[in-house]
Amino acid sequence: MGKGKMLAIRAIIAIVMVVLLSGCGIGAGPNQTLVKQAIAIQVSQTQQALTQQLYSSSSQTPEFEVDRVHITKRQPLKIQDLVSYRVQGTYDLTLKFPNHRVTQRENPFEVYLQRQVEGKTWRVAQLQAGDGERGDRWVTQLIPTD
């Protein structure tokens, strides 16, 4: 087999590997579905905190739906020595109350997503301010897979 054929075969194999690995999500940044799940986690946490502060503990937070996630920026970074991304953009949020719905359009968002070592799962990361003795630290929460 000639040198030219060997190079062509290697190039084809490399292209096939890149396509296969991209399809598995290895080496790829967070997709829109993952970002939508991260936004939903943060909205849920905010809703629960607001309900606890504004109403009695027996009050229920309204159901909500995150739609039309538009990613405008993905910035790679490291969080706790793991590959992570700062993702920014906008989304629509619909709050579902017993008698009506309220939709807020084009809410800005910024989420930090951390890929786990094995590359199969992601965590949403939030920076928590430390007290005088301890500095800021990242707190992460697993994003469930469907």
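A residue is called buried here when its relative accessible area is under 20%, exposed when that value is over 50%, and partly exposed in between, using a 1.4 Å probe and protein chains only. The structure is a predicted model, in which local features need pLDDT of at least 70, side-chain atom pairs count only at pLDDT 80 or more, and totals for chains, interfaces and linings use all residues. Residues are numbered from 1 along each chain as its sequence is written, and side-chain values use heavy atoms, with hydrogens and water left out.

We may start with the overall layout. The protein has two helices and five strands, arranged along the sequence as α-α-β-β-β-β-β; these elements are DSSP runs numbered from the N terminus, with helices being H or I of at least four residues and strands E of at least two. Of its 146 residues, 27% count as buried. The accessible surface, from the Shrake-Rupley method with a 1.4 Å probe and, for residues, only the protein chains shown as cover, comes to about 10,400 Å², and carbon and sulfur atoms account for 53% of that. Among contacts (heavy atoms within 4.5 Å) with a separation of 6 or more, 51% join residues 24 or more positions apart.

Next comes the interior. A nonpolar core is a set of buried Ala, Val, Leu, Ile, Met, Phe, Trp, Tyr and Cys residues joined through side-chain atoms within 4.5 Å. The largest such core holds 20 residues, of which Val35, Ile39, Phe109 and Leu113 touch the most other members. Two or more residues each come from α2 (32-54), β1 (63-79), β2 (82-96), β3 (101-115) and β4 (122-128), with α2 giving the largest share, six residues. Leu113 has contacts beyond four places in sequence that include Leu34, Val35, Ala38, Tyr85, Trp122 and Ile143.

Aromatic rings complete the picture. Three aromatic pairs are found in the whole structure, a pair being rings of Phe, Tyr and Trp (its six-membered ring) with centres within 6.5 Å; planes under 30 degrees apart count as stacked, over 60 as edge-to-face and the rest as tilted. Tyr85 and Trp122 form a tilted pair, 6.1 Å centre to centre with 45° between the planes. Because Tyr85 lies in β2 and Trp122 in β4, this pair ties together parts 37 residues apart in sequence. Tyr85 is buried at 13% relative accessibility, and Trp122 is buried at 9%. Tyr112 and Trp138 form another tilted pair, at 5.1 Å and 55°. Tyr112 belongs to β3 and Trp138 to β5 (residues 137-142), so parts 26 residues apart are tied together. Trp138 is partly exposed, with a relative accessible area of 23%.
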